[in-house]
Each structure stands twice: as structure tokens, then as C-alpha cells.
Amino acid sequence: MIVVLVILTVLSSIIVPSMMGYIDRAKQQKYVMEAQEVKQSLELYLLDQYTSGDLDMMEFLEEISSQDLNDPDCPIADYMKVTCTNGAYIQNLTLEENGIYIRQMVYVVDGYKIDVGQGTYSVTSIKSGKGGK
């Protein structure tokens with residue numbers, strides 16, 4: 001009986017950390033997909049506002065960086081196809097010269113900072129400073 005318990009303890013000490021790593025990577029991928037969706041929604045909003053002539057870039061940048069992305073009054077609420085994780089926000093937004101396309105966006109959610117660029121991304125854990133891609 002003791003041998004069986006020792007074997008189970010050894011196996012659980014190997015399996016539990018590997019499962020935690022798997023869960024953490026799955027969360028990161030979810031947040032990356034969420035950030036990419038937010039970026040696309042922002043670009044659609046910017047394009048619509050630019051073509052209608054209603055875009056005040058400074059006001060928009062100030063408003064979007066302080067806005068809860070799940071708020072129905074958020075400027076991009078009608079463009080969002082995904083519900084953001086509670087507490088998610090845009091920390092930084094850099095636009096191309098034309099003001100329509102996003103060069104870089106930093107999306108912060110649940111202890112992670114997701115930096116989304118033109119076809120690239122990086123994930124950094126704010127708590128531990130670890131990064132991944």
C-alpha cells in the first residue's frame with residue numbers, strides 16, 4: 001500500500017505542474033486571440049469614422065485607453081465580435097500615419113500584457129516578467 005502511495009505521489013508531482021503549464025498556455029492563447037479581435041474591431045471603427053469624417057483622433061485615443069471594453073457605451077462596442085475578459089483594457093495604441101491602421105497595440109488582461117503588431121504578437125506576464133510567443 002505504501003509503495004502504491006509513493007508511486008501516486010511521484011506521478012502527481014510530475015503531472016500537476018505540466019497540466020498547470022498547459023492551462024497557462026491555453027489562457028495566453030485565448031488572450032492573444034481576444035487582443036487580435038479587439039485590434040480588428042478598432043481598425044473597422046477607425047475606417048468607418050475616417051470615411052465619414054467624424055474622427056477626432058486625440059479624443060478617440062484618450063477615450064479608448066480609459067474605457068472598459070465591455071461597456072456598451074465603448075466607441076467600438078458595435079464592432080466587437082467577442083466579449084473581452086473583465087478588466088481588460090488597452091494600455092497603448094500606435095497608429096500608422098494615415099490614422100486608420102494600428103501599428104502596435106498593447107492589451108492588458110488578467111496579469112498578461114499582449115503586444116500586437118502587424119502580424120506579430122508577444123505575451124508578457126506582468127506578475128513574473130516571463131514572456132512567450
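Modeller: What follows is a walk from the whole chain to selected residues.
Modeller: This is a predicted model, in which local features need pLDDT of at least 70 and side-chain atom pairs count only at pLDDT 80 or more, while totals for chains, interfaces and linings use all residues. Residues are numbered from 1 along each chain as its sequence is written, and side-chain values use heavy atoms, with hydrogens and water left out.

Colleague: How many helices and strands does the protein chain have?
Modeller: The protein chain has two helices and five strands, running α-α-β-β-β-β-β from the N terminus on. These are DSSP runs numbered from the N terminus, with helices as H or I of at least four residues and strands as E of at least two.

Colleague: Which residues touch the most other members of the largest nonpolar core?
Modeller: They are V38, L42, Y107 and I114, in a core of 27 residues. Two or more residues come from each of α1, α2 (57-65), β1 (89-95), β2 (102-109), β3 (112-116) and β4 (121-125). Helix α1 gives the most, with seven residues. A nonpolar core is a set of buried Ala, Val, Leu, Ile, Met, Phe, Trp, Tyr and Cys residues joined through side-chain atoms within 4.5 Å.

Colleague: What does I114 touch?
Modeller: Leaving aside residues up to four places away in sequence, I114 touches Y31, V32, A35, M105, V106, Y107, V109, S122 and V123. Contact means heavy atoms within 4.5 Å.

Colleague: Let us change topic to K39. Is K39 buried or exposed?
Modeller: K39 counts as buried because its relative accessibility is 10%. K39 lies in helix α1 (residues 2-52). Beyond residues up to four places away in sequence, K39 touches I102, M105, V116, G117 and Q118. The C-alpha atoms of K39 and Y107 are separated by 9.2 Å, although the two residues are 68 apart along the chain.

Colleague: Why does E34 count as buried?
Modeller: E34 has a relative accessible area of 4%, so E34 is buried. E34 is also placed in helix α1. Its contacts, not counting residues up to four places away in sequence, are T83, C84, T85, A88, Y107 and V109.

Colleague: What about S41, and which residues does S41 touch?
Modeller: S41 touches I76, Y79, M80 and K81, again not counting residues up to four places away in sequence. S41 belongs to helix α1 and is buried, at 1% relative accessibility.

Colleague: Finally, where is T120 found?
Modeller: T120 is in the loop between β3 and β4. With a relative accessible area of 42%, T120 is partly exposed. The C-alpha atoms of T120 and T51 are separated by 27 Å, the residues being 69 apart along the chain.

Notes: Buried < 20%, exposed > 50% of the residue type's maximum accessible area, 1.4 Å probe, protein only.
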